Amino acid sequence: MSELVIKDLHVSIEGKEILKGLNLTIRQGEVHAIMGPNGTGKSTLAYTLMGHPSYAVTGGEVWFKDQNLLELAPDERSRAGIFLAFQYPVSIPGVTVANFLRTAINARRRAINPEDKGVPIPEFRKMLKEKMELLKMDSVFAGRYLNDGFSGGEKKRAEILQMAALKPEIAILDETDSGLDIDALRIVSEGVNALSGPEMGVLVITHYQRLLNYIKPQFVHIMMGGRIVESGGPELALHLEESGYDWVREKYEEPAA
Ligand SMILES: Nc1ncnc2c1ncn2[C@@H]1O[C@H](COP(=O)(O)OP(=O)(O)OP(=O)(O)O)[C@@H](O)[C@H]1O
Ligand SMILES: [Mg+2]
């Protein structure tokens, strides 16, 4: 079983420390949610796990399948089975959704077997059609340039389509619910649920308990000031929804300098 183990992680951006000793373990088959106020470092954690070059790891360790994840390049992390659905997906004019996905799938296959000839086109088309139906995406999206002119909600669906196609072992979803209308929220969540299971561990970053009615986490963590300060079950998210973050701030926040 694969597990992602984060130990005492410290991360700085442009000399400012954002993550200040974060600990978290996510196993395949588990669903974790992280909630926390704006600017607390949730996306920083997601980007750091994926290997974004602007985020400097100044301390701690991250292990995945007995490999030191921090030593791997972003594409190696992806091929190892880590996936990030971005809070703000970027568009790639000139690259269609279908081409992008086929290239990514083939790269993963070649990582497993260097002799692999790539996914046969009919098999790829069938898979893409199935996953797009699951996410109730119009088939015209396959031929459009990735995220180019997509609405906010369409971009979020395209992120989950990538997850569906790549079948990661650990998926990090950074505010995948933001910008989704009520129906899309349900469809995307059902898509995530259909894909999750014993083979996939999920880390959902969200501001709203609402999402967690659909994607049910076993573990809920509260992040504040660059650390996970409270962990519990789904009741923790309900408690936050009712009481806000004041009690967490009082308990953990460093006094303003
Ligand atoms: N490239 C950057 N340059 C300077 N500061 C940055 C950069 N990226 C992030 N930060 C700062 O790091 C802090 C943490 O940002 P991060 O995006 O991780 O927060 P977040 O918890 O995801 O917030 P939100 O809930 O609003 O998405 C913020 O204060 C942010 O301004
Ligand atoms: Mg964020």
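Which residue in strand 9 is the bridge partner of Ile82? In this predicted model, local features need pLDDT of at least 70 and side-chain atom pairs count only at pLDDT 80 or more, while totals for chains, interfaces and linings use all residues. Residues are numbered from 1 along each chain as its sequence is written, and chains are lettered from A and ligands numbered from 1 in the order in which they are written.

The bridge partner of Ile82 is Ile170. Strand 6 and strand 9 (residues 170–174) pair in the parallel sense over four bridges; pairing requires that DSSP finds at least two bridges between two strands. Strands are DSSP runs of E with at least two residues, and helices are runs of H or I with at least four, numbered from the N terminus. An open sheet of mixed pairing is formed by six strands in the order 6-9-10-3-11-12. Strand 6 (82–85) and strand 12 (227–232) are at its edges with a single partner strand each, so one side of each has no neighbour in the sheet.

Buried residues of helix 6 include Leu185, Ile187 and Val192; a residue is buried if 20 or more other C-beta atoms, placed from the backbone, lie within 10 Å of its own. Helix 6 is followed by Gly197, which has a positive phi near 155 degrees.

Notes:
A residue is buried if 20 or more other C-beta atoms lie within 10 Å of its own, exposed if 12 or fewer, and partly exposed in between; C-beta atoms are placed from the backbone.
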